[in-house]
Amino acid sequence: MTQDAPAATGTARSRTVVIAEDETLIRMDLAEMLTEEGFRVVGEAGDGARAIELAEQHKPDLVILDVKMPVLDGIAAAEAIAEKRIAPVVILTAFSQRDLVERARDAGAMAYLVKPFSKADLLPAIEMAVSRFAELSMLEAEVADLTERLETRKAVDRAKGVLQKQLNLSEPEAFRWIQKTAMDLRLSMRQVADGVVEHGPMSAGD
């Protein structure tokens, strides 16, 4: 699946999205917000099992899942969708469920939103999820071994944190910095990331 440019009015093709939320009013509000921002809602579900079916059927650009749903909860659904690399997943969670965020991330969710949320909260979470999903795809293309891939992802995440702090970069910019430096120096992203963590960004860029 190819990643499109960020959705905006006038883009060549709207991003497609599947929504799973068992509270009908929240689901309708979410669909309306997304449509207003140029997204195309191709499937809506009230439980996690149906969400997986719709994701497999439509191969959307994004899946948004509530944590607490009948039949199959959002974390289990996120894990199934992430395993098949269908699309980036954004998890919806109530403030009281923040302890579930780490479980959701471990299951493969790329970003999360705490309810109640506004459109101003929604769009950055989507961009974060799409960006992280693209990063993961690039790492998988570079590293075939699953264990090494996990270690590489951890190293890259640590290096992104250093770059964000020291160079005042956003998370996507930090990843692009690592990627470009690796290409320029003909090193793996893991090697560049380890260098950034151990010695700082200047050593890797020199």
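Reader: What pattern does the protein follow, read along the sequence?
Author: In this predicted model, the order along the sequence is β-α-β-α-β-α-β-α-β-α-α-α-α-α.

Reader: How many helices and strands is that?
Author: The secondary structure comes to nine helices and five strands.

Reader: And how much of the protein is buried?
Author: Of the 206 residues in the protein, 45% are buried.

Reader: What share of the contacts with a separation of 6 or more comes from residues 24 or more positions apart?
Author: Such residues account for 60% of those contacts.

Reader: Let us turn to helix 1. What is its span?
Author: Helix 1 covers residues 24-36, which is 13 residues. From first C-alpha to last it reaches 18 Å, close to the 18 Å expected at 1.5 Å a residue.

Reader: Which residues of helix 1 are buried?
Author: Arg27, Leu30, Ala31, Met33 and Leu34 are the buried residues of helix 1. They lie on the same side of the helix, because the arc they cover around the axis is only 160 degrees.

Reader: Which residue with a positive phi follows helix 1?
Author: That residue is Gly38, with a phi near 90 degrees.

Reader: Which residue with a positive phi follows helix 8?
Author: Gly200 follows helix 8, and its phi is positive, near 95 degrees.

Reader: Staying with helix 8, which of its residues are buried?
Author: Helix 8 comprises residues 189-199, and Met189, Val192, Ala193, Gly195 and Val196 are buried there. Their arc around the axis is only 160 degrees, so they sit on the same side of helix 8.

Reader: What is on the face turned away from the buried side?
Author: That face of helix 8 carries the exposed residues Glu198 and His199.

Reader: Tell me about Met189. Why does it count as buried?
Author: Met189 counts as buried because its relative accessibility is 4%, and the cut-off for buried is under 20%.

Reader: What does Met189 touch, beyond residues up to four places away in sequence?
Author: Met189 touches Met138, Leu139, Glu142, Val156, Phe175, Ile178, Gln179 and Ala182.

Reader: How far apart are Met189 and Arg153?
Author: Their C-alpha atoms are 9.3 Å apart in space, while the two residues are 36 residues apart in sequence.

Reader: Now Arg149. Where does it lie, and is it buried or exposed?
Author: Arg149 lies in helix 6. With a relative accessibility of 17%, Arg149 counts as buried.

Reader: Which residues is Arg149 in contact with, leaving aside neighbours within four places in sequence?
Author: Arg149 is in contact with Glu140, Val143 and Ala144. As for Arg190, it is 41 residues from Arg149 along the chain, and the C-alpha atoms of the pair are separated by 9.2 Å.

Reader: What about Leu150?
Author: Leu150 also lies in helix 6. Leu150 is partly exposed, with a relative accessible area of 47%. The C-alpha atoms of Leu150 and Leu139 are separated by 9.3 Å, and these residues are eleven residues apart along the chain.

Reader: Which of them lie nearest the centre of the largest pocket?
Author: Arg105, Met110, Leu136, Arg153 and Asp157 lie nearest its centre.

Reader: How does the pocket lining divide by class?
Author: The lining of the largest pocket has 15 charged, ten nonpolar and three polar residues.

Reader: How many cavities of 30 Å³ or more does a search of the whole structure find?
Author: The search finds one. The volume of the largest cavity is about 30 Å³.

Reader: Which residues line the largest cavity, and of what classes are they?
Author: The largest cavity is lined by Ala82, Arg85, Ala87, Pro88, Val89, Gly108, Met110, Phe133 and Leu136. By class, seven are nonpolar, one is polar and one is charged.

Definitions and conventions
Residues numbered from 1 in each chain as written. Predicted model: local features only at pLDDT ≥ 70, side-chain atom pairs only at ≥ 80, totals over all residues. Heavy atoms only, no water. 1 Å grid on protein atoms, 1.4 Å probe; cavity = no way out; pocket = protein on both sides within 12 Å on 5 of 7 lines; lining within 4 Å. Nonpolar A, V, L, I, M, F, W, Y, C, P; charged D, E, K, R; others polar. Helix = DSSP H or I, 4+ residues; strand = E, 2+ residues; numbered from the N terminus. Expected span 1.5 Å × (residues − 1). Buried < 20%, exposed > 50% of the residue type's maximum accessible area, 1.4 Å probe, protein only. Arc of directions from axis to C-beta. Contact = heavy atoms within 4.5 Å. Points joined across faces, edges and corners; volume = space filled by probe spheres on them.
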